[in-house]
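Hi,

Here is the structure I promised to pass on.

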Amino acid sequence: MGQIFSNMFDRLFNINKDFRILILGLDGAGKTSILYRLQIGEIVTTKPTIGFNVETINYKNIKLNVWDLGGQTSIRPYWRCYYTNTQGIIFVVDSTDTERLQLASTELRTMLKEEELKDACLLVLCNKQDLQTAQSIDKINEVLQLYDLKDRNWSILGCSAKTGDGINEGLDWLIDVVKENNIE
Ligand SMILES: Nc1nc2c(ncn2[C@@H]2O[C@H](COP(=O)(O)OP(=O)(O)OP(=O)(O)O)[C@@H](O)[C@H]2O)c(=O)[nH]1
Ligand SMILES: [Mg+2]
């Protein structure tokens, strides 16, 4: 019954359209692993992304065009080429990479300054929580300082592309927010 009402609600408010989601973050954070965990529900073997991967994911009646961009230093300047019409950003952090957490934070802030992303919601996924050396979400947010973000819908969650933990919770949050922001 809940599903029937959910479908009616979606039709009523014309939110049966595609949403554009970007997955960003430093190299090795696990972006591609998360993309394919979302699409096929498994961990895949990856290699560093040169350019991008894009997949269409149907999730709870919503069609998402999910772009996973390469995170290497030389590729990051090209992220901005993909910002237009983006409704949601998934920023992936490697929770074990404490040395580069500040760099991740700087890249995140640079990205959020872009005018084209001013209305996009932000989901930070602290990935690799299956590893013993993973930092807690609170510790990571001490560096990212997301509480400072004004006029932005954001959330931070732990996850593991390897085990799948936390991935669906993250996507549920993202979808609820983009749906709400796009009611016409
Ligand atoms: N233990 C563990 N390893 C992970 C997890 N997610 C990804 N990895 C591993 O981390 C490495 C990098 O993962 P990728 O998904 O290729 O990283 P990426 O962010 O796409 O990297 P670039 O394409 O270079 O930007 C791979 O060896 C993955 O198997 C996770 O949740 N847990
Ligand atoms: Mg990749």
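First, the ground rules. This is a predicted model, so to speak: local features need pLDDT of at least 70, side-chain atom pairs count only at pLDDT 80 or more, and totals for chains, interfaces and linings use all residues. Residues are numbered from 1 along each chain as its sequence is written, chains are lettered from A and ligands numbered from 1 in the order in which they are written, and side-chain values use heavy atoms, with hydrogens and water left out.

For the model, ipTM is 0.99 and pTM is 0.93.

Now the metal. Thr-32 and Thr-49 both coordinate the magnesium ion (ligand 2) through OG1, at 2.0 Å. Donors here are N, O and S atoms within 2.8 Å of the metal (3.2 Å for Na, K and Ca), and sites may look incomplete because water is not among the atoms. Thr-32 sits in helix α2 and Thr-49 in the loop between α2 and β2, so this pair, 17 residues apart, links distant parts of the chain. Helices (H or I, at least four residues) and strands (E, at least two) are DSSP runs, numbered from the N terminus. Thr-32 is buried at 11% relative accessible area, and Thr-49 is buried too, at 13%. The cut-offs are under 20% for buried and over 50% for exposed, with partly exposed in between (1.4 Å probe, protein chains only).

How many salt bridges are there? The count is nine, taking a salt bridge as a side-chain nitrogen of Lys or Arg within 4 Å of a carboxyl oxygen of Asp or Glu.

- Asp-27 and Arg-76 pair up at 3.2 Å, N to O. Asp-27 is in the loop between β1 (18-24) and α2 (31-40) and Arg-76 in the loop between β3 (62-69) and β4 (88-94), so the bridge ties together parts 49 residues apart in sequence. Asp-27 is partly exposed at 27%, whereas Arg-76 is buried at 7%.
- Lys-60 and Asp-172 pair up at 2.9 Å, N to O. Lys-60 is in the loop between β2 (52-59) and β3, and Asp-172 in helix α5 (residues 167-181), so parts 112 residues apart in sequence are tied together. Lys-60 is exposed at 52%, while Asp-172 is partly exposed at 25%.
- Asp-119 bridges to Lys-118, with the closest N and O atoms 3.4 Å apart. Asp-119 is exposed at 58% and Lys-118 partly exposed at 42%.

Through shared partners, salt bridges also join Asp-27, Arg-76, Asp-97, Arg-100 and Glu-107 into one network.

Lastly, two single residues. Ser-155 is in strand β6 (residues 154-158) and is buried, at 13% relative accessible area. Beyond its neighbours within four places in sequence, Ser-155 is in contact (heavy atoms within 4.5 Å) with Leu-122, Leu-123, Val-124 and Trp-173. Leu-131 is in the loop between β5 (121-127) and α4 (137-144) and is partly exposed, at 38%.

Cheers
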